[in-house]
Amino acid sequence: MIVGKQQLQQSQLFSLKGSILTLSIVTLISFTYFSFKSLRPPLPLSPPTPQLTLLPSATATIPFARKVADREENNVDKGKDDDNDELFTDIYHSPKLYKLNFKEMERKFKVYIYPDGDPKTFYQTPRKLTGKYASEGYFFQNIRESRFRTDYPDQAHLFFIPISCHKMRGKGTSYENMTIIVQNYLDSLIGKYPYWNRTLGADHFFVTCHDVGVRATEGVPFLVKNAIRVVCSPSYDVGFIPHKDVALPQVLQPFALPAGGNDVENRTRLGFWAGHRNSKIRVILARVWENDTELDISNNRISRATGHLVYQKRFYRTKFCICPGGSQVNSARIADSIHYGCVQVQKHFQWNSPPIKYDAFHMVMYELWLRHHVIKY
């Protein structure tokens, strides 16, 4: 009896252990399945498409703006694809994904521009559309005329702080006073509107170019740290935050000569560079390359006395345009290289008024559109 009772207990014990083991295995498999499933990123949820709102601008009449907007709206709504397939080449990491994201941006992206500030001083109106600060001016003008602009802040994905440090500089304002003006203007927006405090400025952005805007705004650290800074600068030394900030293409418009084409067979020189040897890398490269017959290397800038637009014309004859960093923060050399055909992506680095699909303005807006997805209220 005792032996039989022990066998029965052992049998029940083994049965219990087996049940526990089976349950553990099923639980482990289920947990593993759902864990792997959760690794798949969810589809982004976008807010409903807001009603199109167009505001009059200084350079476009209301009927013209409505006509352009209606045409673009109809093309998007009907799924009309008038893109040039050659545009989507191997210069993109994922051409199809880029094209889909761009179309979604065109349909949905809305930006609210704060209306405050005197347009005759430093707010909303660009100083000029030429020179090395032209990108800042073009953006201010383009965003006002753009279909992305909304008059309803509750529909906006991002908020534009329309203050132009470059315009302040044109009126002789010192950097110290610029910082005070920026600080006071921002304080007034924060006190008057509820939108900054919802995200501490993470869904706000401002536009600034090179030394003027960088120096004027660096004295307002919570603006530089929290808001998206759309800035043109050839280096990260200006405190550029890659996951947050956006690069503003610096283009010295108008260009002196037409854009270069895809004519590699006519480009007889391997590489071209002309400029001062005012940095370590330039000294080294010039020392190594100046006697190379396949390269066109010139010490110092090309004198205008040698002929009309000689510097610009030499871009047309070279396969590679060399852009070594110098001692200054300002340089349009990369934009020149793109325009004159050393890289075939001119469409993305051209400023237009009104803006044209895939131009510099739209690419900046595309970068802003990508960043708005990570903002949580």
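This is a predicted model: local features need pLDDT of at least 70, side-chain atom pairs count only at pLDDT 80 or more; totals for chains, interfaces and linings use all residues.

Visitor: Why are α4 and α13 called roughly perpendicular to each other?

Guide: Helix α4 covers residues 134–145, and helix α13 covers residues 360–372. They pack at an angle of about 75°. Angles of 65 to 115 degrees count as roughly perpendicular. So α4 and α13 are roughly perpendicular. Their axes are 10 Å apart.

Visitor: Which residues meet where α4 packs on α13?

Guide: From α4 come Phe139, Asn142 and Ile143. From α13 come Phe361, Val364, Met365 and Leu368. This contact divides into 6 nonpolar residues, 1 polar and no charged.

Visitor: What makes α4 mostly covered?

Guide: Buried means under 20% relative accessible area. In α4, 12 of its 12 residues are buried. Among them are Gly137, Phe140 and Arg144.

Visitor: What do the buried residues of α4 pack against?

Guide: Their partners include the strands β1 (111–113), β2 (149–150), β3 (158–160) and β4 (204–209). The helices α5 (165–170) and α13 are partners too.

Visitor: How do you know that the span of α4 agrees with its 12 residues?

Guide: Take 1.5 Å a residue. The 12 residues of α4 should then span 16 Å. The end C-alpha atoms of α4 are 17 Å apart, which agrees.

Visitor: And how do you know that for the 14 residues of helix α3?

Guide: Helix α3 covers residues 95–108. It should span 20 Å, and its end C-alpha atoms are 20 Å apart, so the values agree. Buried residues in α3 include Tyr98, Phe102, Met105 and Lys108.

Visitor: Why is Leu200 called exposed?

Guide: Exposed means over 50% relative accessible area. Leu200 has 53%, so Leu200 is exposed. Leu200 sits in the loop between α7 (195–199) and β4.

Visitor: Is Tyr358 buried or exposed?

Guide: The cut-off for buried is under 20%. Tyr358 has a relative accessible area of 4%, so Tyr358 is buried. Tyr358 lies in the loop between α12 and α13.

Visitor: What makes the phi values of Leu200 and Tyr358 worth a remark?

Guide: Most residues other than glycine have a negative phi. Phi of Leu200 is near 55°, a positive value. Tyr358 has a positive phi of about 75°.

Visitor: Which residues does a cis peptide bond join?

Guide: Ser353 and Pro354, with omega about 0°. Most peptide bonds are trans. Pro354 is in the loop between α12 (333–339) and α13.

Note on methods. Residues are numbered from 1 along each chain as its sequence is written. Side-chain values use heavy atoms; hydrogens and water are left out. Axes are lines fitted to C-alpha atoms, for helices over the stretch in contact, and angles run from 0 to 180 degrees between N-to-C directions. Helices (H or I, at least four residues) and strands (E, at least two) are DSSP runs, numbered from the N terminus. Angles under 35 degrees count as roughly parallel, over 145 as roughly antiparallel, 65 to 115 as roughly perpendicular and the rest as oblique. Contact means heavy atoms within 4.5 Å. Ala, Val, Leu, Ile, Met, Phe, Trp, Tyr, Cys and Pro count as nonpolar, Asp, Glu, Lys and Arg as charged, and the others, Gly among them, as polar. The expected span of a helix is 1.5 Å times one less than its number of residues. Buried means under 20% relative accessible area, exposed over 50%, partly exposed in between (1.4 Å probe, protein chains only).
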